[in-house]
Amino acid sequence: MRNYVIRRILQMIPLFLGVAIVTFAVLSLVGDPFAQMAINPRIRPEDIQRLKHAWGFDLPWYLRFFKWFWSMITGNWGVSIFAGGKPVVEIVARAISYTLRFSIASLIFAFVIAVPIGIYSALHQYTLFDYVFTFFAFFGMSMPTFWFGFILMMIFGLRLNWLPIGGVMTPGMESAPFFARMLDQVKYMVLPVIVLSLFGMGSWMRYARSSMLEVIRQDYVRTARAKGLPERTVIFKHALRNALIPIVTLLGLTLPGIISGATITETVFSIPGMGRLTVDAMLSNDYPVAMVCLLLESTLLIVGNLIADLLYAVVDPRIRYS
Amino acid sequence: MEKSEVLLEVKDLKTYFYTDDGVVKAVDGMSYTIHKGEVLGLVGESGCGKSVSAMSILGLIDVPGKIVGGEIIFKGENLVGKTPEQLRKIRGAEISMIFQEPMSALNPVFTIGDQIMEAILIHQDVSEEEAKNKTIELLGLVGIPEPERRFNQYPHELSGGMRQRVMIAMAMSCNPDLLISDEATTALDVTIQAQILELMKDLQKRTGMAVLFITHDLALVAEMANSVYVAYTGKIVESGDVVSIFRRPRHPYTYGLLSSIPNLVSEKTKTPLPAIEGMVPNPYHMPLGCHFNPRCPFATERCRKEMPELAEIENNHFVRCFHPVLVNESEVVS
């Protein structure tokens, strides 16, 4: 098991390098971020040349890549080309702190509500309960998030005036006492978390339902009943443990999503999170920021897959890695 | 064999399945009696209702299935109409069952020790420690080597034969009065099959429990059973003690089944193996009259109109047929 993990981690290194090269190359295809400045009469051509030289755009892309890559692995992640030359680490850390609170809250919310409902639906297949929540699940999955976000903003923000329609906190609350500050930020979280979790809920519910439906038809469930176990034990011990195997592994695969953020929802609710940061950095060709965002997300994808595989071995004794 | 006290009497049992496409009469008026310490063979092709009748005894018929008629008298009490809780207490304790697929009948995520212990703990007033010791003892009893080590193993670490031994240990854990074996050896290799049969026979002799031995394989019945019931489309078509059924089969279906077993004579003379023509009828469209008539070489006009009753043709030998076959005893080799 330990050897397996070490081997998997070693395998990540060439993969990471490959991803970095391809990403950098693709970002370089766009051209340099200073080209547009040439049409601005107030910027002198020699200033543009100086900027290009300073950022390495007078070099071929692969030399620029090596320079960037070397400084990155030695711990210097550079500064943003725009955004007043702020350190990339600071920009990304700030965006992650916003994204995390929304993504974790909505994941927990969706998971804790949807999985029990899905399992209950499976145990009461084709009843009114099942139909209602199946409808709800498809509703959640097929609803465009931007549209649903606007509807919620209209009802709860503008009509009823209960909740703020966007942003992450009320201006001026930074220096408020801790609990008042928390409460204020929670209010800003309600609507986006509803939008994000409704989507997640639909799919978790369907996963849980189909997984449980498959398990309760298994022979070992019949064996458990034939043993004379109470129905409670049959369902919650014998069936549930097996039904959760695929669900737990899926949790590992949602890891990159927790960091990468939801661009559309973040845009609708004006949340300065990772989704927006990544898209904005790519559009303005701010490659130091874009590279860190993209590499962070792909690293989490790789790590998430490893975690999913390891979780699989934890919950299913048939899986052993050597 | 001396007939002792009646243990289980299935009387005119009817278990129907109400599907969207119509009613399937999986068990349609089946009756059989098992005495204490007896091994009863219930034989038939797939779909003849043998497994459904076993599941009915255990009260494990799920929707859309339902017991719509008849009685299941076990130790003098009718199991039909008992509450699920009452049936649950009987299941695994007084009546236990082993199934066809040892590969999928054990839960993959729990150790075999845990799964056997569970049955003991639920039905007996013992401590965990005692249940564990009993489990290890049972594993030894069913011929599993190194029971202490096996106790902590998962089903996937055991072979098919070993898993079926675990299933038997589980079934034996509460000293049942009746063991239902539903095609328990069908999925196993012949050599393993022989070992498992030997084990079941041995345990049956030692404990004196009764066995309802369900199979499609007549050769196994000859090996195991005292009396034989042959089922076809949810009804018993012939019953009797093992000798009379095998020596003097009277129903054309039983006769057909017996003649389609390969034997040394047909092997030598290279005569083609006789087979029963046709297929088991579609459960939604049962033929009129005797259900076997479309496949029966002796069917007459009457067979196509009327369903014959089960009639005693010789001492304790019953046949549901208007034209029972008369066979020369030497004709059928078993």
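1. Ground rules. This is a predicted model, in which local features need pLDDT of at least 70, side-chain atom pairs count only at pLDDT 80 or more, and totals for chains, interfaces and linings use all residues. Residues are numbered from 1 along each chain as its sequence is written, while chains are lettered from A and ligands numbered from 1 in the order in which they are written.

2. Strand β3 of chain B. This strand covers residues 39-43; helices (H or I, at least four residues) and strands (E, at least two) are DSSP runs, numbered from the N terminus. 5 of the 5 residues of β3(B) are buried, where buried means 20 or more other C-beta atoms within 10 Å of a residue's own, exposed means 12 or fewer, partly exposed is in between, and C-beta atoms are placed from the backbone. Val39(B), Gly41(B) and Val43(B) point one way, Leu40(B) and Leu42(B) the other. In a regular strand the side chains alternate between the two faces of the sheet.

3. Its partners. β3(B) runs parallel to β8 (residues 210-215) of chain B, with 5 bridges between them. It also pairs in the parallel sense with β9(B), over 4 bridges; pairing here takes at least two bridges found by DSSP.

4. Val228(B). This residue belongs to β9 (residues 227-232) of chain B and stands opposite Gly41(B). Why does Val228(B) count as buried? Because it has 26 C-beta neighbours inside 10 Å. Beyond four places in sequence, its contacts (C-beta atoms, placed from the backbone, within 7 Å) include Val43(B), Val221(B), Val242(B) and Ile245(B). Asn152(B), by contrast, is 76 residues away along the chain, with 40 Å between the two C-alpha atoms.

5. The antiparallel sheet. Chain B also has an open sheet of 4 strands in the order β2-β1-β4-β5, paired antiparallel. β2 (22-35) and β5 (77-78) are the edge strands, each pairing on one side only. Inside the sheet, β1 (residues 6-19) and β4 (residues 65-74) of chain B share 8 bridges, and Thr15(B) has Ile67(B) as its bridge partner in β4(B). Helix α1 (residues 50-58) of chain B lies across β1, β2 and β4, at about 110° to β1(B); axes are lines fitted to C-alpha atoms, for helices over the stretch in contact, and angles run from 0 to 180 degrees between N-to-C directions.

6. Two domains in chain B. Domain 1 takes 1-94 + 176-334 and domain 2 takes 108-173, with bounds from an automatic or database domain assignment. Their centres, over C-alpha atoms, are 30 Å apart.

7. Chain B against chain A. Here 24 residues of chain B are in contact with 18 residues of chain A. α2 (84-90), β6 (95-98) and α3 (112-123) of chain B each give two or more residues, and α3(B) has the largest share, 4 residues. The chain B side has 13 nonpolar, 6 polar and 5 charged residues.

Methods: Contact = placed C-beta atoms within 7 Å. Nonpolar A, V, L, I, M, F, W, Y, C, P; charged D, E, K, R; others polar.
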